[in-house]
Amino acid sequence: MEVQLQRSYLEYCNALFREGFLDGQFVQLQMLRDDSNPDFVMEVVILFFEDSQRILNELSKTLDEQNVDFKKIDANVHQLKGSSSSIGAQRVRNACIAFRSFCDAQDVESCLRCLQQVQQEYLLVKSKLEALLRLEQQIVAAGGVVPTLNDFS
Amino acid sequence: MGLATVEAQFHVLAVDDSLIDRKLIEMLLKKTSYQVDSGSKALEFLGWNDENSNEAFFSPKTNQEVEVNLIITDYCMPGMTGYDLLKKIKESAVLRDIPVVIMSSENVPSRINRCLEEGADEFFLKPVRLADVNKLKPHIMKTKTKESQKPENQDDNDEENQESEENNNSTSNKQVEETQDQLQSESPSQQQQTASSNNNNSKRKSMDEGVSPDRTRPRYNNGLTVMSN
């Protein structure tokens with residue numbers, strides 16, 4: 001039973017890497033997980049969700065103001081870029097990089113579009129990561145070991 | 001190999017405003033590490049007292065002692081940057097021997113050079129990986145007691161990482177001199193730097209023989225101290 005699950009897991013991961021949702025940094029995270037810290041990846045991913053949601057809310061609020069504080073926007077996007085980079089959420093990170101260039105131009109309209117783009121990428125990777133973690137849990141519950149990924153970076 | 005005989009219990013102070021990055025560093029290092037989320041908290045943790053910033057003396061909050069073998073800090077932080085923190089550490093007679101590693105998500109050569117010239121032992125680009133963390137061992141071992149440990153890695157950017165003691169001393173002198181040239185307006189710290197370069201030489205040697213008697217660094221008895229918000 002778990003062989004099937006493991007195969008599905010690997011296929012799913014391969015797809016995520018191919019489509020650019022995740023990059024080699026995610027593999028680095030997987031490599032850090034061990035018996036004494038089995039939930040490490042899950043913990044970091046959950047932290048990422050909480051942190052990102054907070055930042056996205058902040059960005060929304062700031063862009064809604066009369067006089068948009070672009071410095072604040074830039075700082076927040078920088079933070080999100082950093083955390084998505086640390087977790088390997090490549091598309092979110094790239095969306096943040098694009099966002100920052102429009103921030104420099106101080107263009108509210110473009111920033112709003114960028115925010116939408118980042119939100120979209122975030123929600124996508126969130127659902128994919130949740131599915132991935134669920135698969136891992138199923139493998140473990142079936143008595144199997146989560147297969148190690150190759151570095152796709 | 002020297003490493004095998006040493007009980008590798010070392011403590012790293014991680015300074016970063018991102019909780020995710022702190023967690024990552026914690027796992028990468030896989031030993032007990034302390035965490036704080038700002039440069040000012042880092043200094044507080046290290047026992048820095050602002051009123052006596054000329055000679056940092058230790059006013060530990062408890063009677064316990066803490067030993068920090070390495071400080072790894074983010075560059076971009078609100079309030080105090082990693083560079084500012086590095087400068088403060090290097091200005092302190094007691095803290096300056098702790099190796100400092102700076103991390104940044106941005107690859108800016110002038111920034112990297114500035115940090116290395118100020119005395120940073122390594123500069124990592126984020127996201128930090130296992131391969132980067134492996135470079136830290138020699139720096140951590142430098143501040144441990146016991147026998148001398150030859151650094152394993154050569155790094156073009158890292159002048160301090162040399163094979164022999166003599167090279168170590170002469171390049172640290174070189175780094176200090178370069179910094180001195182830049183700090184033309186600050187004569188007190190220049191004098192401090194000259195004194196420190198001599199102290200560094202003897203400190204490096206004495207560290208290999210055993211704990212330097214000057215070290216009054218406070219120590220915690222055990223474990224993990226997380227000071228993040």
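In this predicted model, α2(A) passes α2(B) in a left-handed crossing. Chain A also holds a packed pair of its own, α1(A) and α6(A). Helix α6 of chain A returns in the lining of the second largest pocket.

**Between the chains: α2(A) and α2(B)**

- The two helices span residues 24-32 of chain A and residues 19-29 of chain B.
- They pack at an angle of about 50°, with axes 10 Å apart.
- α2(A) and α2(B) are therefore oblique to each other.
- On the α2(A) side, A:Q25, A:L29 and A:L32 make the contact; on the α2(B) side, B:L24, B:M27 and B:L28 do.
- This contact has five nonpolar residues, one polar residue and no charged ones.

**Within chain A: α1(A) and α6(A)**

- Helix α1 (residues 2-18) packs with α6(A) at about 160°, and the axes lie 10 Å apart.
- That angle makes α1(A) roughly antiparallel to α6(A).
- Their crossing is left-handed.
- α1(A) contributes A:L5, A:Q6, A:S8, A:Y9, A:Y12, A:C13 and A:L16.
- These meet A:K128, A:A131, A:L132, A:L135, A:E136, A:Q138 and A:I139 in α6(A).
- By class, the contact has nine nonpolar, three polar and two charged residues.

**The second largest pocket**

- The volume of the second largest pocket is about 400 Å³.
- Of its 16 lining residues, A:R33, A:P38, A:E136, A:V140 and A:V146 are the closest to the centre.
- Helix α6 (residues 108-141) of chain A gives the most to the lining, with four residues.
- The lining comprises eight nonpolar, three polar and five charged residues.

Technical notes
Residues numbered from 1 in each chain as written. Chains lettered and ligands numbered in written order. Predicted model: local features only at pLDDT ≥ 70, side-chain atom pairs only at ≥ 80, totals over all residues. Heavy atoms only, no water. Axes fitted to C-alpha atoms, helices over the stretch in contact; angles between N-to-C directions. Parallel < 35°, antiparallel > 145°, perpendicular 65-115°, else oblique. Left-handed = near helix turned anticlockwise from the far one by under 90°. Contact = heavy atoms within 4.5 Å. Nonpolar A, V, L, I, M, F, W, Y, C, P; charged D, E, K, R; others polar. 1 Å grid on protein atoms, 1.4 Å probe; cavity = no way out; pocket = protein on both sides within 12 Å on 5 of 7 lines; lining within 4 Å. Points joined across faces, edges and corners; volume = space filled by probe spheres on them.
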